[in-house]
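Please have a look at it before I go on.

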Amino acid sequence: MEGDLQKSLSLRPNRRGDRNNQTASDKGNGGMPSNSEAGFLSSGWASQDGYPVKIVWRKGFIRLVLVAGILWMLLILVALLFHIWSCQSTVSFLSVMCNKESKVYYMLDTMGLVSKPHRCPIPVANNPDKIIIPNGRTSDKIVKKLSYVMEDEISHNGSQSSPLFGGHISWKQREESFKLKSNMKVHCGFIQGGGADMDPVDIKYVKKCKFVVASGIFDGYDLPHQPSNISDRSKKLFCFLMAVDEVSLKFIRENATVKVDNDGGKWVGIWRLILLKHPPYDEPRRNGKVPKILTHRMFPEAQYSIWIDGKMELIVDPLLMLERYLWRGKHSFAIAQHKHHRSIYEEADANKRRKRYARPLIDLHMKIYYYEGMKEWNPKKGTASDVPEGAIILREHTAMNDLFSCLWFNEVHLFTPRDQLSFGYVAYRLGESFNFFMFPNCEYNSLFVLHPHTREHSSPIEWVKRLDELKNSNLRETRGGLGLFTPYPGNLKSVVLPNVTRTSKAG
């Protein structure tokens, strides 16, 4: 032990001496290494540790590349985080910097990294009294004259059936209705003897309505909610019309004050109740699509209309809404973007999960659309989404917009009553001929206060899981969705629906 210690101590001076000798030798050579070392360096070999210089440089270069790559990734991450922050910010300067139409934003949104604000400020004008209403109507450039089929072809296999509100539309008639011409005649509900009859006193009243705020309550699921922040000018300009069936009218009379004017008109606050006798469909949700989509048929003199679902309380002046969503951008049709879904196949999946209608019928509905060329939404489509929030719709009643509404309703009549599934399909079939403005969902949520239904809607057909459950069953609707039970002219067995990536817990 002691011997080893002494040996170690005895080596230290020698090493120091060796270094001193080496230094002196170098100085003797003018600061240059000795010949042997110079030979090593000149031939690419290194140092006292014996590692090749090439390997040292190679390792250094690799480390430099790795550090640069890490710094570049951190820079990209910081830029993405700033992009997300600017899109979420309430500071106007920062929010302007956010490009929500960019591929980066779409990628972040798809990855679930962008949380959409529920409400955001609406850039409406300050004073309804200063709004300038455009003169005249938007010109009709493609469809100039639109008329409607009024009588139903009711003969089927030699037997007679009662007229349907939407008519017995054949596959050929449906296909022809998408071929645009200057003069068109299409099915558009209100077939004679099909139901949804209005009282003469209401027909007379709505003839004077050029500007309409429309809503509807069916099967007693809601009570009328009085709009707020309505200017005196809008109260004089707009007719506030609430379509109801007989069940809902009875429910409203029992739970609210209904006043009757000298002409027999029924009122709840600002709302004029419009009674629709003889509901055209078995399914209340399908009945509700009549005033919602066919507003121009119920109120034929209306030049502009705003639809709002019956469970909503409007909190923005309707004149400011028309200026913001139609006139400012020179649009004639405006509807909100869905908060979660862009593809109709995503929306169909959510409807099945929530039991909004029979699952196999939703699948059949989507197979028809996919067979007919309706692809999943992607940014190249040029629209914000294929799926709207249909609870608020703003329209100027041009011939093209009225045609779109007719074709949209025909899809609801033929297939499932889920109108959000068919909106994008009809827009796809009409292509660039139908222009519409799809505004941000956060603005949509700032237009109203949402009230819960008085009771939950439930229909037996919503629980159907297999098509054979509908055969010879009273679960099947008798006056709507007949296209789902009429042999389709194409081969749907080979259709495989696209896989759906669920983008939110809300479906």
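Before I name any elements, a word on terms: helices, of at least four residues, and strands, of at least two, are DSSP runs that are numbered from the N terminus. Please also keep in mind that this is a predicted model.

Let me start with the largest pocket, which has a volume of about 1400 Å³. Its lining is made up of 46 residues, and those that lie nearest the centre are Asp 309, Lys 311, Arg 356, Arg 418 and His 453. Which elements supply at least two residues each to that lining? Among the helices they are α10 (284–287), α11 (289–293), α14 (344–353), α17 (419–430) and α18 (441–444), while the strands are β6 (211–217), β14 (388–396) and β16 (448–450). Sorted by class, the lining comprises 17 charged, 16 polar and 13 nonpolar residues.

Turning to the surface, there is a nonpolar patch formed by Val 67, Ile 70, Leu 71, Leu 74, Leu 77 and Leu 81, which together have about 570 Å² of accessible area. Of these, Leu 77 belongs to helix α3, residues 53–88, and Leu 77 counts as partly exposed because its relative accessible area is 44%, between the limits of 20% and 50%.

Finally, consider Phe 333, which lies in strand β13, residues 333–337. Is Phe 333 buried or exposed? Its relative accessible area is 0%, so Phe 333 is buried. The C-alpha atoms of Phe 333 and Phe 437 are separated by 6.2 Å, although the two residues are 104 residues apart along the chain.

Methods
Residues numbered from 1 in each chain as written. Predicted model: local features only at pLDDT ≥ 70, side-chain atom pairs only at ≥ 80, totals over all residues. Heavy atoms only, no water. Patch = residues over 30% accessible without salt bridge, like charges linked within 9 Å, V, L, I, M, F, W, Y side chains within 5 Å. Areas by Shrake-Rupley, 256 points an atom, 1.4 Å probe, with all protein chains shown as cover. Salt bridge = Lys/Arg side-chain N within 4 Å of Asp/Glu carboxyl O. Buried < 20%, exposed > 50% of the residue type's maximum accessible area, 1.4 Å probe, protein only. 1 Å grid on protein atoms, 1.4 Å probe; cavity = no way out; pocket = protein on both sides within 12 Å on 5 of 7 lines; lining within 4 Å. Points joined across faces, edges and corners; volume = space filled by probe spheres on them. Nonpolar A, V, L, I, M, F, W, Y, C, P; charged D, E, K, R; others polar.
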